[in-house]
Amino acid sequence: AHMLGGGATVTQLPLEKFTGKAMVLEVNQVAHQKIDLDLLRKHEESIATVEFLLLRTGFSSRWGEAGYLADYPTFTEAAADWLTTNFSLKGLGLDAVSVDEMVSKTFPIHQLLLQKGLVIYENLTNLEEISAKSFQFCGFPLKLEDLDASPVRAVAVCTE
């Protein structure tokens, strides 16, 4: 229901949608830089092995600073389309405020990801503390009726 007319609310989605094998991809982007297809394509083999791709851009360290809500890196449409077309991802997350630019009126990346059934996790923190190449990710929403989005307590269960 988040930005899609007639879309499912968080409580209408099965709990399995919010947990699975994940990886953190360090992209260390700078302000206004795009997370593009060339950057992601280098990691195609690893992405193919997971259900959740979490991107560490470094922006969580800028929380509370001027520009945090405007200068963060965002996805290109080509990169988002490639991820949704070529992989069986359940979700995509990053340590910045949004997958789209704040000034967007149409939110094309949200639209694309949500239409393809992915869960979007934004404002993740502590991704730098995950040293495992892959791990079990859990990001369950609050069980409140009719929510189109929800805060989560995102957890990485590392066994390596």
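**View 1. Glu26, Arg56 and Glu128 join in a network of salt bridges.** This close-up, like the others here, comes from a predicted model. Between Arg56 and Glu128, the closest N and O atoms are 3.8 Å apart. Arg56 sits in strand S3 and Glu128 in the loop between strand S6 (119–121) and strand S7 (135–138), so this pair ties together parts that are 72 residues apart in sequence. Glu128 is partly exposed, at 41% relative accessible area.

View 2. Beyond its neighbours within four places in sequence, Ser60 contacts Asp95, Leu124, Thr125 and Glu128.

**View 3. Lys34 pairs with Glu101 in a salt bridge.** Here the closest N and O atoms are 2.8 Å apart. Lys34 belongs to strand S2 (residues 34–35) and Glu101 to the loop between strand S5 (91–94) and H4, so parts 67 residues apart in sequence are tied together. Both partners are partly exposed: Lys34 at 31% relative accessible area and Glu101 at 38%.

**View 4. Helices H3 and H4 pack against each other.** The angle between H3 (residues 77–86) and H4 (residues 108–115) is about 5°, and their axes are 10 Å apart. That angle makes the two helices roughly parallel. Glu77, Ala80, Asp81 and Thr84 of H3 meet Pro108, Ile109, Leu112 and Leu113 of H4. Among these contact residues, five are nonpolar, one is polar and two are charged.

Key
Residues numbered from 1 in each chain as written. Predicted model: local features only at pLDDT ≥ 70, side-chain atom pairs only at ≥ 80, totals over all residues. Heavy atoms only, no water. Axes fitted to C-alpha atoms, helices over the stretch in contact; angles between N-to-C directions. Helix = DSSP H or I, 4+ residues; strand = E, 2+ residues; numbered from the N terminus. Parallel < 35°, antiparallel > 145°, perpendicular 65-115°, else oblique. Contact = heavy atoms within 4.5 Å. Nonpolar A, V, L, I, M, F, W, Y, C, P; charged D, E, K, R; others polar. Salt bridge = Lys/Arg side-chain N within 4 Å of Asp/Glu carboxyl O. Buried < 20%, exposed > 50% of the residue type's maximum accessible area, 1.4 Å probe, protein only.
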